Amino acid sequence: MSKPLELVTIPAPPSEFHVRRDARFAAPGEKRTRYHLPESLDSSSPVGYRTRVSLSREEAGTLLSLLSLPRPSRFVPGPAPTERELFEECSLGVLSARQSTNFRGQREVLLGPQDSGQAAALLRRMGRKEAPVLDGAACTHVVLARPYRTPFTFLLTFVGHKPVTSLLTVPLRAWAKRFRHADDIPTIGYLKELHLGVLADAMERATVIASAGTRRAQVFLEPFEQPADAAALRELEALVGLTPAERAAGWRISLVAQVGYVPEEERIPMERTTARRLGAALLALRSERIQPGVNAEPSAPPAYQTRQPMDVPEELTVQAGRAAYNAFARFTGVSRERAKELVLLERIDVLTPHGKERLRAVREELEQVTDKIIARLPLWADLALGRALSRNSARGRKAFALAGQRIYVGGLSRREVEQSGLSFAHAVRAFGAAAARGALVAEVAGTTEIPEGCDLRGGVCLMAGPVNQNDIGKQFFGGKDLLEQAFSGREPTSLLVWTFKAKTVADPIGNEQQLLDAARKGALVDLRPGPHEVVAVRQGTAIGPMRLSGGRVNAERAFGDVGNFVTDPEGKEIPGNRGTAWPSAQADSPLWPG
């Protein structure tokens with residue numbers, strides 16, 4: 001059973017320490033930096049540049065209530081969802097579930113009521129153990145995922161080789177990655193699973209908010225690789241149009257979410273205006289990397305340079321942990337008590353002497369791994385690429401920075417997970433959901449009753465970079481897992497790091513600009529997608545992209561009516577940031593009439 005969550009806010013500092021982002025447009029002739037507002041936005045993403053929504057305590061309580069819901073027991077008849085409702089549901093799910101690199105390793109196919117009935121029959125044949133398959137779904141999200149590949153994983157191709165034999169072992173590893181989807185280090189393979197867990201947790205909230213509490217999602221997260229009936233999986237792949245070429249590229253059905261109307265007693269009491277504000281609030285969340293007065297760049301504005309007398313309350317971390325255990329139990333089916341035993345968390349409290357020493361030791365370990373990577377890169381490859389490998393390795397140090405009042409390293413023990421009857425991949429997915437849900441508790445606390453003159457009251461940075469770097473040290477340089485000291489003898493595998501930050505100034509707009517503007521470091525990440533790029537809709541026997549019609553693609557910002565768009569201090573908007581609405585004749589009509 002899930003435990004209900006209590007709202008614990010982060011106390012604001014005295015008014016003289018209230019600061020906010022002073023984001024302005026660059027003056028004529030002034031060199032632009034990541035702290036300036038972008039000149040314009042031309043994007044099909046439903047997100048855009050958003051400011052945090054200041055939630056009332058009642059709104060925050062409603063959002064927290066979505067983090068301890070039981071699964072739906074059944075679906076009941078209801079009106080056909082409109083195109084806009086499903087667009088907004090996808091906007092809170094597959095189009096924005098990952099706040100950081102937004103790797104395009106996920107896409108989905110939406111099935112209507114008739115196809116949902118066929119999908120339900122196939123799921124039963126496959127033998128889903130974590131929850132009952134329900135009849136009467138209004139629609140079904142079938143999510144496909146592929147292995148995690150980015151410029152960082154390209155760099156890893158050259159890490160860990162011996163000087164002479166690297167001429168042979170580098171091509172062999174590249175071949176294995178290309179054709180067998182092998183991973184350089186285990187934690188890179190786990191990123192696909194973690195992202196699926198983050199998405200699964202987001203989809204549950206997305207369904208409730210997009211329907212103002214009337215619909216719920218039954219999410220099946222356990223891997224589909226070994227179904228009871230393999231033919232049923234092939235039939236589901238055919239239903240969503242998965243081709244042999246896509247299978248060869250690594251795409252697999254990885255998550256299925258049935259969505260339907262639920263009985264009155266299982267609906268979430270929610271006014272439509274509340275649902276709109278919660279949707280806009282979730283789209284505005286982003287990674288908070290800077291801690292004022294701790295790790296700000298010298299070029300950052302003054303607001304980032306001075307420490308603030310703020311702290312993350314102890315009770316807030318208790319609630320974040322409670323939400324994480326709720327999610328892990330929900331998506332694995334184990335009891336909450338067993339979830340608390342399986343989820344391994346080491347807390348590093350920087351406000352204590354012991355915490356400072358532990359944090360310093362972790363930083364030194366990661367620095368040493370980076371030094372070894374650079375020293376042992378194959379010289380022939382680095383020279384051929386203009387020293388790009390060594391430069392990028394050194395540049396990556398920033399990605400492993402740990403700054404926050406409460407830092408948690410989290411992971412699992414494969415041995416203990418498998419003794420509980422779970423596959424490790426399933427547990428890693430559930431861990432991703434747990435991490436996302438625990439982080440959201442802190443983000444809600446940081447956006448409740450935001451004081452005047454502040455951007456927020458606190459934020460979270462959820463990252464895999466430090467544990468990936470640690471994994472490199474384990475694989476190639478004889479290092480130990482980050483959690484080994486805290487969980488000696490349990491064979492831990494670190495998976496993610498949370499840094500909880502109490503602060504009133506939000507990170508620069510540059511964090512989001514990396515995901516929205518190809519000219520601003522967009523090459524380092526896959527830009528935020530529009531619905532036509534990752535969401536397809538099956539209508540009849542045809543499967544086509546969402547919001548691609550006659551050459552026109554989406555420019556609507558989901559929940560844009562709330563109006564939480566970034567402006568300069570004088571109220572001047574970023575041209576194109578608000579986007580334009582999709583034609584109402586299509587948006588307000590059902591995707592599957594009748």
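**View 1. Strands β7 and β8 pair in the antiparallel sense over 6 bridges.** In this predicted model, strand β8 comprises residues 492-502.

**View 2. An open sheet is formed by 4 strands in the order β5-β6-β8-β7.** The pairing within this sheet is antiparallel. Its edge strands are β5 (344-349) and β7 (458-463), each of which pairs on one side only. From one strand to the next, the twist averages 20 degrees. Helix α10 (residues 314-332) also packs on this sheet, where it touches β5, β6 (406-413) and β8. The angle between the direction of α10 and that of β6 is about 25 degrees.

**View 3. A second open sheet contains 6 strands, arranged in the order β3-β4-β2-β1-β9-β10.** The pairing in this sheet is mixed. Strands β3 (215-220) and β10 (542-545) stand at the edges; each has a single partner strand, so one side of each is left without a neighbour in the sheet. Neighbouring strands are turned against each other by 25 degrees on average, direction ignored.

**View 4. Strands β2 and β4 run antiparallel and are joined by 7 bridges.** Strand β2 covers residues 139-145, and strand β4 covers residues 252-261. Leu-144 has Ile-253 of β4 as its bridge partner. In the order of the 6 strands, β4 lies between β3 and β2.

**View 5. Helices α3 and α7 pack with their axes 8 Å apart.** Two packed helices are described by the angle between their axes and by the distance between the axes. Helix α3 consists of residues 113-126 and helix α7 of residues 230-239, and the angle at which they pack is about 155 degrees. This angle makes α3 roughly antiparallel to α7, the cut-off for that description being over 145 degrees. The crossing of the two helices is left-handed. On the α3 side, the contact is made by Asp-115, Gln-118, Ala-119, Leu-122, Arg-125 and Met-126. Helix α7 contributes Ala-231, Ala-232, Leu-233, Glu-235, Leu-236 and Leu-239. By residue class, the contact of α3 with α7 divides into 8 nonpolar, 1 polar and 3 charged residues.

Key
Residues numbered from 1 in each chain as written. Predicted model: local features only at pLDDT ≥ 70, side-chain atom pairs only at ≥ 80, totals over all residues. Heavy atoms only, no water. Axes fitted to C-alpha atoms, helices over the stretch in contact; angles between N-to-C directions. Parallel < 35°, antiparallel > 145°, perpendicular 65-115°, else oblique. Left-handed = near helix turned anticlockwise from the far one by under 90°. Contact = heavy atoms within 4.5 Å. Nonpolar A, V, L, I, M, F, W, Y, C, P; charged D, E, K, R; others polar. Pairing = 2+ DSSP bridges.
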